Amino acid sequence: MSQHSADQAPTSALATVATHRDWWRDAVIYQVYPRSFADSNGDGMGDLEGVRSRLPYLRDLGVDAVWLSPFYASPQADAGYDVADYRAVDPMFGNLLDADALIRDAHELGLRIIVDLVPNHSSDQYEWFKRALAEGPGSPLRERYYFRPGKGANGELPPNDWESIFGGPAWTRVAEPDGTPGEWYLHLFAPEQPDFNWEHPAVGDEFRSILRFWLDMGVDGFRIDVAHGLVKAQGLPDLGSHEQLKLLGNDVMPFFDQDGVHDVYRQWRTILDEYSGNRKGPEGPSSEGRGRETGGRIFVAEAWTPTIERTANYVRPDELHQAFNFQYLATHWDAAELRDCVNRTLDAMRPVGAPATWVLSNHDVTRHATRFANEAGLGTQIRTAGDRALGLRRARAATLLMLALPGSAYLYQGEELGLPDVVDLPDEVRQDPAYFRGAGQDGFRDGCRVPIPWTRAGSSYGFGGGGSWLPQPVEWAELSIEAQTGAEGSTLELYRDALAARREQPDLGAGDSVEWLKAPEGVLAFRRGEFTCTANTGTEAVTVPAYGRVLLASGEVTLSQDGGEAKLPADVTVWWTTG
């Protein structure tokens, strides 16, 4: 991890530091959703120049890298995950010069840049797909997608029974150039997102070229969207009777998590390894031998697999570097469930030598401050505000627990402010395509994508000079960065303190194990060297040993008169140290 402090930023990307080749093993990576982070031109939509202008904030927050959700040229049928040109920036976000400036400035500030890559599907406005439609049946370009004749007497039925994740059939029938109903094409998501056929060599060639394009631009890695979906089972077999599909299910599907996908990533890894270590990368002042190394490009898999053991297959030594731990994200605020998930994660990652990752929120799920405000068992998309005070207490405690675990952690923009999901957006402003298709994955992702507040005042609370593409609640003024900066006990200052302590404590960060300690029911307690974490997920305060001095706490904690015990309130996490 980076060893710069908030008031001692690296002044040059050429600063001399101790080499730390595996920076990603303990990195804290911050997800930026560009359209909702900062708007530089007042059009109500965030952009790359806006992100660039706010990079010092992320440096001072204490993160190691920034992951940017898609900013490629796109019709925006699914917020940029429908890509029309992988080598261009959508004009709403800027241009390639803006991307170059952002990457350069990030490196000067000691931050790495990870970009989203969308290889499972393209936009229906991608040149290949447009030509495939225009050329009609028999076009070689149709072989780069899944075009199939329909079933039924006149081909009026889909080729199989697969459903879209967004709801409805996973197949759409096209009108051929002569106007007659024709073949069907596969789209596991929206109809505007046709799936690539990764059995066709041209698809692999194209994406290897795309990787090199962005690596030459200087990016430090790629987050791979739907990394588990590229390869489909031979013959595209019917699924049979099944509930509406979700990304995180319990079964291996014929279109997800197929073994052949690993051949793709082994090829990609050889490309990335060509670039790793052969240039000066973002660096900053080191401390106790832990600094930024001078290369180390990485892949991060968004792989929704049935088990964490299946996820580990994606991070074997010759494949990807990290994979999101969605099982942890979906775990309830319950000590026994959390301990089981932590143990299974560490046990699964240890044999393949990969770091565990931990995440609580992202752009596809309800923010954890709202999930924890509701009763358990409602899933990862929730439509009710719940008890917001309870949700914030639990969210703060959950964050300290997550940041104490060995491995790498992911933060989603605005969680450091304790932002809740906006659950009462008017129907007319919603843009999630799943919302309009019914069923699907609920379609309420807009609530976690509302632009974040920077200031107490202004038409969009400092997001930009105009309005914002989704309306912000008025109460967000007091949740803004301006309102929370320097405010004792604020969630923003808790995050800053936690990330600073994580950098400074030698026993935090990288690792593959924890030592569990005996604790009351509902309490998690584990030790890592001189560091100890205790988290009370129960509903009542409990007494625990004082494991040294209090380093940080998510809420009030009371020590006994002799200092040997502590009263740990419900929904509070405490960091202790004997160092």
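In this predicted model, three strands form an open sheet in the order S17-S20-S19, with antiparallel pairing. Strand S17 (542-545) and strand S19 (558-559) stand at the edges with a single partner strand each, so one side of each is left without a neighbour in the sheet. Strand S20 (residues 565-568) runs antiparallel to S19 and is joined to S19 by two bridges, and Ala566 in S20 is the bridge partner of Leu559.

**Helix H6 and its surroundings**

- Helix H6 (residues 261-275) comprises 15 residues and reaches 22 Å from its first C-alpha to its last, which is close to the 21 Å expected at 1.5 Å a residue.
- The buried residues of H6 include Val261, Val264, Tyr265, Trp268, Ile271 and Leu272; seen down the helix axis, the buried residues of H6 fall within an arc of 165°, so they line one face of the helix.
- The cover over these buried residues includes strand S5 (112-117), helix H5 (201-217), strand S9 (221-224) and strand S10 (298-301).

**Nonpolar core**

- The largest nonpolar core has 129 residues, of which Leu58, Phe222, Tyr265, Trp268, Tyr328 and Trp575 touch the most other members, while the largest share of this core, eight residues, comes from H5.
- Leaving aside residues up to four places away in sequence, Trp268 touches Leu117, Pro119, Trp198, Phe207, Arg208, Leu211, Ile224 and Phe299.

**Salt bridges**

- The structure holds 36 salt bridges, and one network of them links Asp263, Arg266, Arg316, Asp318 and Glu319.
- Lys232 forms a salt bridge with Asp195, the closest N and O atoms being 2.8 Å apart; Lys232 lies in the loop between S9 and H6 and Asp195 in the loop between strand S8 (181-186) and H5, so the pair ties together parts that are 37 residues apart in sequence. Both Lys232 and Asp195 are buried.
- Within H6, Arg269 and Asp273 meet through their side chains in a salt bridge (3.1 Å, N to O), and being four residues apart in the helix they are separated by about one helical turn. Arg269 counts as buried at 14% relative accessibility, whereas Asp273 is partly exposed at 41%.
- Glu475 forms a salt bridge with Arg388, with the closest N and O atoms 3.3 Å apart; Glu475 lies in the loop between helix H12 (433-437) and helix H13 (481-484) and Arg388 in helix H11, so the pair ties together parts that are 87 residues apart in sequence. Glu475 is partly exposed, with a relative accessible area of 42%, and Arg388 is partly exposed at 39%.

Methods:
Residues numbered from 1 in each chain as written. Predicted model: local features only at pLDDT ≥ 70, side-chain atom pairs only at ≥ 80, totals over all residues. Heavy atoms only, no water. Expected span 1.5 Å × (residues − 1). Buried < 20%, exposed > 50% of the residue type's maximum accessible area, 1.4 Å probe, protein only. Arc of directions from axis to C-beta. Contact = heavy atoms within 4.5 Å. Pairing = 2+ DSSP bridges. Core = buried A, V, L, I, M, F, W, Y, C linked by side-chain atoms within 4.5 Å. Salt bridge = Lys/Arg side-chain N within 4 Å of Asp/Glu carboxyl O.
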